[in-house]
Amino acid sequence: MRTIAWCRLALALGGLLAGLSAAVRADDVCEEREKFDGRPYVQRAQTAEQAGRFKEAHAEASKAMSVCARQIDAAQVQAMTRRLAGKIGEQEERAGRPEEAARWYLQAERVPDADRAMLKHAQAASQNPAAFHKAWSYFDRGRPGGRSASHIEELRKIAAANGERELAAEGKHFTPLRDTLDELGRARDWLRYVDRGEERVNARAVARGDALARDDAPGPLERALPYYRFAGDAAREKALRERAGRLGDAAAAKGDAAAAVRYYELAGLTGKAAQLARNVKAQEQKAEAKRRQAFDKDTKALEKELGL
């Protein structure tokens, strides 16, 4: 049994549907018990259309498009479903649902209207990355009618404006004590749609890392590393880690174990950092034991002096 909904074939095959339907009917693929009279569905579709209930009408007409329907003019029913899809698209657009409108316009084979609706969708949700990406994918990847350069340019303008807004926010918020990786991430999400946009964001991230890395203190170096990682600058990341290792050795030699541990962790020398941390803890415990012994000794001496 191979019952096929013609409305789905229309989306995939477009203008080839009528010829395919004739071939399928000629093969008479339906078993006798599967055949049905399609005229009542067409009549209900016509009644619903006259009443302005276009989605109901489209559903009824789609049922009549089954390959097993009999006593109908397939070409006329196909034309009806396209006409109804177009009317539904117009309703959705008037209701402020341009993305839905575009879907129906495509079923109606009204590609220019679908294009207009999708661009309207992107403009209405211009600061919504998910909505924007849907519109971009529609125009840029294999939509019916091919790529639309003019619409892509409009979308690039939206992306550029949003990316510049995020970069401006990043510029206001950055300080040596406050990272701005979230702002840079949002800027890159938008500017990847713009020529060399990602390069600009990555260059900004590298500049932030360089500014922080001018300071040898552990804190600034720790904050610099994520900027290099964000930008994908492996060379700077490696250089910073090697430098942290040398600074860790210097701090350890000076007896600044706490700083040395942080440097070693930044350098990725976790074993060395762990060993030093254990040594520091052991020294602290030893010092605490000595302090406790001295305290106990002083306490006993005081008690003896007071005759307690």
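**Surface, burial and helix packing in a predicted model**

The chain exposes about 17,600 Å², of which carbon and sulfur atoms supply 52% (Shrake-Rupley method, 1.4 Å probe). This is a predicted model in which local features need pLDDT of at least 70 and side-chain atom pairs count only at pLDDT 80 or more, while totals for chains, interfaces and linings use all residues. Residues are numbered from 1 along each chain as its sequence is written, and side-chain values use heavy atoms, with hydrogens and water left out.

User: Is W190 buried or exposed?
Analyst: W190 lies in helix α10, residues 181-191 (helices are DSSP runs of H or I, at least four residues, numbered from the N terminus). Buried means under 20% relative accessible area, with a 1.4 Å probe and protein chains only. The relative accessible area of W190 is 4%, so W190 is buried.

User: Which residues does W190 touch, not counting residues up to four places away in sequence?
Analyst: Contact means heavy atoms within 4.5 Å. By that criterion, the residues touched by W190 are S126, Q127, N128, P129, F132, A159, N162, G163 and E166.

User: How are α7 and α9 oriented relative to each other, parallel or antiparallel?
Analyst: The axes of helix α7 (residues 111-124) and helix α9 (residues 149-173) come within 11 Å and cross at roughly 5°; axes are lines fitted to C-alpha atoms over the stretch in contact, with angles from 0 to 180 degrees between N-to-C directions. Angles under 35 degrees count as roughly parallel, over 145 as roughly antiparallel. The two helices, α7 and α9, are therefore roughly parallel.

Methods
Buried means under 20% relative accessible area, exposed over 50%, partly exposed in between (1.4 Å probe, protein chains only). Angles under 35 degrees count as roughly parallel, over 145 as roughly antiparallel, 65 to 115 as roughly perpendicular and the rest as oblique.
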